[in-house]
Amino acid sequence: MYQRVACLSTEAVEVMYALGAEDLVAGISGYTVRPARAREEKPKISAFSSGKAERVLAVQPDLVLAYSNMQAELCKELISTGVEVHAFNQRTIAGILRMIKTVGNLVDKQAEANALIASLQTQIDYIKAQTSDNQPRPSVYFEEWNEPLMSGIGWVSELISVAGGNDVFSDLAVHFSAKQRIIADPVEVVRRAPDIIIGSWCGKKFRPESLKEREGWRQIPAVREGYVFEIKSPDILSPGPAAIEHGLLQLRQIIGTWQKSHV
């Protein structure tokens with residue numbers, strides 16, 4: 001079994017701790033937020049899109065858990081030194097659950113992984129049960145970044161649907177690359193007229209008042225009626241348990257509030 005696992009993404013740390021495998025964690029991403037104690041207990045060995053192999057190797061890992069093409073070069077360098085690397089690429093709810101199962105297999109915590117997956121699926125089913133065919137489904141624009149405008153990634157789009165809404169840019173959410181989710185013309189958001197706008201600017205605070213400064217945006221139903229909200233990026237933009245345990249719950253609260261006032 002692996003003894004020293006370097007986690008280059010926050011959700012890998014979150015899952016390792018949730019499975020009771022924290023003693024195996026040799027180093028963590030500097031963006032780690034869950035659990036909070038991980039930041040005090042473990043050395044920070046990388047950022048997300050940047051990192052140096054020597055800092056990772058300094059904790060003497062026998063396994064590195066990485067995420068996405070953004071870490072491809074670092075993974076390549078680590079592999080060239082002989083370290084085993086498992087790079088995840090989950091972009092959907094199913095992918096998140098599959099990632100948890102895989103981590104459980106890698107660190108011999110299969111039962112714990114299955115229990116966590118079952119718990120998350122129960123939460124998803126519980127939220128689904130709160131929605132019905134008789135309720136209006138608001139259209140939702142999720143803004144992941146503002147310069148340039150970028151719509152939500154796959155699992156966010158799916159969570160919006162689970163929570164009772166319709167992602168107005170679901171056509172973009174299917175794309176693997178973030179560049180493919182860029183909204184080149186901000187007026188396109190005006191044309192799609194979302195009932196709710198949710199901002200989650202990764203790494204910085206969402207400024208809802210700035211939306212009114214954009215050309216034509218005052219006429220968007222969400223802006224006009226005041227249905228503009230923030231969900232903190234650690235709660236929904238990390239493809240791990242937090243997106244379901246925290247992000248989905250907040251989505252349901254926001255959408256439920258809109259539904260109650262539009263029956």
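Predicted model: local features only at pLDDT ≥ 70, side-chain atom pairs only at ≥ 80, totals over all residues.
**Entry 1: the largest pocket**

Helix H1, strand E6 (139-146) and helix H11 (233-236) each supply at least two residues of its lining. I then asked how many residues line the largest pocket in total. The count is 29. Phe48, Met70, Glu144, Cys202 and Leu237 are the ones that lie nearest the centre of the pocket. For the volume of the largest pocket I noted about 930 Å³. I also sorted the lining by class: 15 residues are nonpolar, 10 are polar and four are charged.

**Entry 2: the cavity**

Rolling a probe the size of a water molecule over the atoms shows where empty space is left. How many cavities of 30 Å³ or more does the count give? I found one. The largest cavity holds about 40 Å³ of space.

I listed the residues that line the largest cavity: Thr10, Glu11, Glu14, Val33, Arg34, Pro234, Ser238 and Ala242. Which element gives the largest share of this lining? It is H1, with three residues. By class, I wrote down three nonpolar, two polar and three charged residues for the lining of the largest cavity.

I traced the five-stranded sheet. It is open, its order is E3-E2-E1-E4-E5, and the pairing is parallel. Why is one side of E3 and of E5 left without a neighbour in the sheet? Strand E3 (44-46) and strand E5 (85-88) stand at the edges and have a single partner strand each, so one side of each has no neighbour there. On average, neighbouring strands of this sheet are turned by 25° against each other, direction ignored.

I then took one pair by itself. Strand E1 (residues 5-7) and strand E4 (residues 63-67) run parallel and are joined by three bridges. Within this pair I checked Cys7, which stands opposite Leu65 in E4.

**Entry 3: helices on the sheet**

Here I looked at what lies against the strands. Helix H1 (residues 10-18) lies across E1, strand E2 (25-29) and E4. H1 runs at about 140° to E2. Helix H5 (residues 93-106) also packs on the sheet, where it touches E4 and E5. The direction of H5 makes about 165° with that of E5.

Is the peptide bond from Arg34 to Pro35 cis or trans? I read it as cis, with omega near -10°. Pro35 sits in the loop between E2 and helix H2 (38-41). Arg34 was already in my notes, as one of the residues that line the largest cavity.

A cis peptide bond also joins Glu147 to Pro148, and its omega is about 0°. I placed Pro148 in the loop between E6 and strand E7 (149-151).

Although Gln60 is not a glycine, its phi is positive, about 55°. Gln60 belongs to the loop between helix H3 (53-57) and E4.

**Entry 4: the whole chain**

Last, I stepped back. I counted 12 helices and 10 strands in the chain. The radius of gyration is 19 Å, close to the 18 Å that the globule rule gives for 263 residues, so the chain is as compact as a globular protein of that length. Along the principal axes, the C-alpha atoms fill a box of roughly 55 × 35 × 30 Å.

Definitions and conventions. Residues numbered from 1 in each chain as written. Heavy atoms only, no water. Pairing = 2+ DSSP bridges. Helix = DSSP H or I, 4+ residues; strand = E, 2+ residues; numbered from the N terminus. Axes fitted to C-alpha atoms, helices over the stretch in contact; angles between N-to-C directions. Contact = heavy atoms within 4.5 Å. 1 Å grid on protein atoms, 1.4 Å probe; cavity = no way out; pocket = protein on both sides within 12 Å on 5 of 7 lines; lining within 4 Å. Points joined across faces, edges and corners; volume = space filled by probe spheres on them. Nonpolar A, V, L, I, M, F, W, Y, C, P; charged D, E, K, R; others polar. Rg over C-alpha atoms; globule rule 2.2 N^0.38 Å.
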